[in-house]
Amino acid sequence: MAGRSAVSKAPQVFTAFQKWTFNNYGYNRYGLLNDDCLQEEEDVDIAKAVERLPQPLMDARNYRLLRAFNLSMLQRYLPKEEWTKIEDDVRYLEPYIQEARKERLEKEEWEANH
């Protein structure tokens with residue numbers, strides 16, 4: 001298949017309800033992504049996943065979080081054109097969470113059987 005990329009991504013179609021729900025969460029007004037809101041303190045898999053992020057992803061995450069904290073302290077939002085759009089809200093942490101969870105479960109199983 002010459003001329004086609006190895007990974008083709010079909011455009012997502014969001015319902016009006018999905019868009020309404022996304023906008024009502026409110027994190028998008030600060031320029032955050034869904035995965036930026038996950039609490040590392042509440043889940044060891046999330047904490048391990050954040051530790052494993054490549055530096056560019058970690059830097060982008062830290063920038064978004066610092067900007068959001070600053071805006072929150074000022075009781076302001078980003079200008080509407082800078083809000084995170086539903087189609088841009090990627091789950092960048094999910095592969096790292098799945099990997100950490102799989103390793104933890106394998107370790108627990110090994111410890112239970114040995």
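Trainee: Why is Gln75 called exposed?

Mentor: The model is a predicted one, and in it Gln75 has a relative accessibility of 75%. Exposed requires a value over 50%, so Gln75 counts as exposed. Gln75 is located in the loop between helix 3 (55–73) and helix 4 (94–113).

Trainee: Why is the pair formed by Tyr25 and Tyr27 called stacked?

Mentor: A pair of aromatic rings is described by the distance of the centres and the angle of the planes. For Tyr25 and Tyr27 the values are 6.2 Å centre to centre and 20° between the planes. The structure holds four aromatic pairs, and Phe22, Tyr25 and Tyr27 form one aromatic cluster.

Trainee: Which residues make up the largest nonpolar core?

Mentor: That core has nine residues: Leu33, Ile46, Ala49, Val50, Leu53, Met58, Tyr92, Leu93 and Ile97. Helix 2 (residues 44–52) gives the most to this core, with three residues. Apart from this core lies another, of seven residues, among them Phe14, Phe22, Tyr27 and Ile86.

Trainee: What does Val50 touch, beyond residues up to four places away in sequence?

Mentor: With those left out, Val50 touches Glu40, Met58, Arg61 and Leu93.

Trainee: How do you know that Leu53 is buried?

Mentor: Its relative accessibility is 8%, and the limit for buried is under 20%, so Leu53 counts as buried. Leu53 is found in the loop between helix 2 and helix 3. Not counting residues up to four places away in sequence, it touches Met58, Arg61, Tyr92, Leu93 and Tyr96. Leu53 and Tyr96 are 43 residues apart in sequence, yet 7.4 Å apart in space, C-alpha to C-alpha.

Trainee: Why is Leu33 called buried?

Mentor: Leu33 has a relative accessible area of 11%; the threshold is under 20%, and Leu33 is therefore buried. It is found in the loop between helix 1 and helix 2. Leaving aside neighbours within four places in sequence, Leu33 is in contact with Tyr27, Arg64, Thr84, Asp88, Asp89, Val90 and Tyr92. Leu33 and Arg91, 58 residues apart in sequence, lie 7.9 Å apart, C-alpha to C-alpha.

Trainee: What makes Asp89 a buried residue?

Mentor: Asp89 has a relative accessible area of 16%. Buried means under 20%, so Asp89 is buried. Its place is in the loop between helix 3 and helix 4. The C-alpha atoms of Asp89 and Leu33 are 5.3 Å apart, although 56 residues separate the two in sequence. Leaving aside neighbours within four places in sequence, Asp89 is in contact with Phe22, Tyr27, Leu33, Asn34 and Thr84.

Trainee: How do you know that Asp35 is buried?

Mentor: The relative accessibility of Asp35 is 0%, and buried means under 20%; Asp35 therefore counts as buried. Asp35 has its place in the loop between helix 1 (16–25) and helix 2. Apart from neighbours within four places in sequence, Asp35 is in contact with Arg61, Val90, Arg91, Tyr92, Leu93 and Glu94.

Trainee: What lines the second largest pocket, and how much space lies in that pocket?

Mentor: About 180 Å³ of space lies in the second largest pocket. Of the 13 residues that line it, the closest to its centre are Asp36, Cys37, Gln39, Leu65 and Phe69. The lining divides into seven nonpolar, two polar and four charged residues.

How values were computed
Residues are numbered from 1 along each chain as its sequence is written. This is a predicted model: local features need pLDDT of at least 70, side-chain atom pairs count only at pLDDT 80 or more; totals for chains, interfaces and linings use all residues. Side-chain values use heavy atoms; hydrogens and water are left out. A nonpolar core is a set of buried Ala, Val, Leu, Ile, Met, Phe, Trp, Tyr and Cys residues joined through side-chain atoms within 4.5 Å. Buried means under 20% relative accessible area, exposed over 50%, partly exposed in between (1.4 Å probe, protein chains only). Helices (H or I, at least four residues) and strands (E, at least two) are DSSP runs, numbered from the N terminus. Contact means heavy atoms within 4.5 Å. On a 1 Å grid over the protein atoms alone, a cavity is a set of points where a 1.4 Å probe fits but cannot get out, and a pocket is an open set with protein on both sides within 12 Å along at least five of seven lines; lining residues have an atom within 4 Å of a point. Grid points are joined across faces, edges and corners, and a volume is the space filled by probe spheres set on the points. Ala, Val, Leu, Ile, Met, Phe, Trp, Tyr, Cys and Pro count as nonpolar, Asp, Glu, Lys and Arg as charged, and the others, Gly among them, as polar. Rings of Phe, Tyr and Trp (its six-membered ring) pair if their centres lie within 6.5 Å; planes under 30 degrees apart count as stacked, over 60 as edge-to-face and the rest as tilted.
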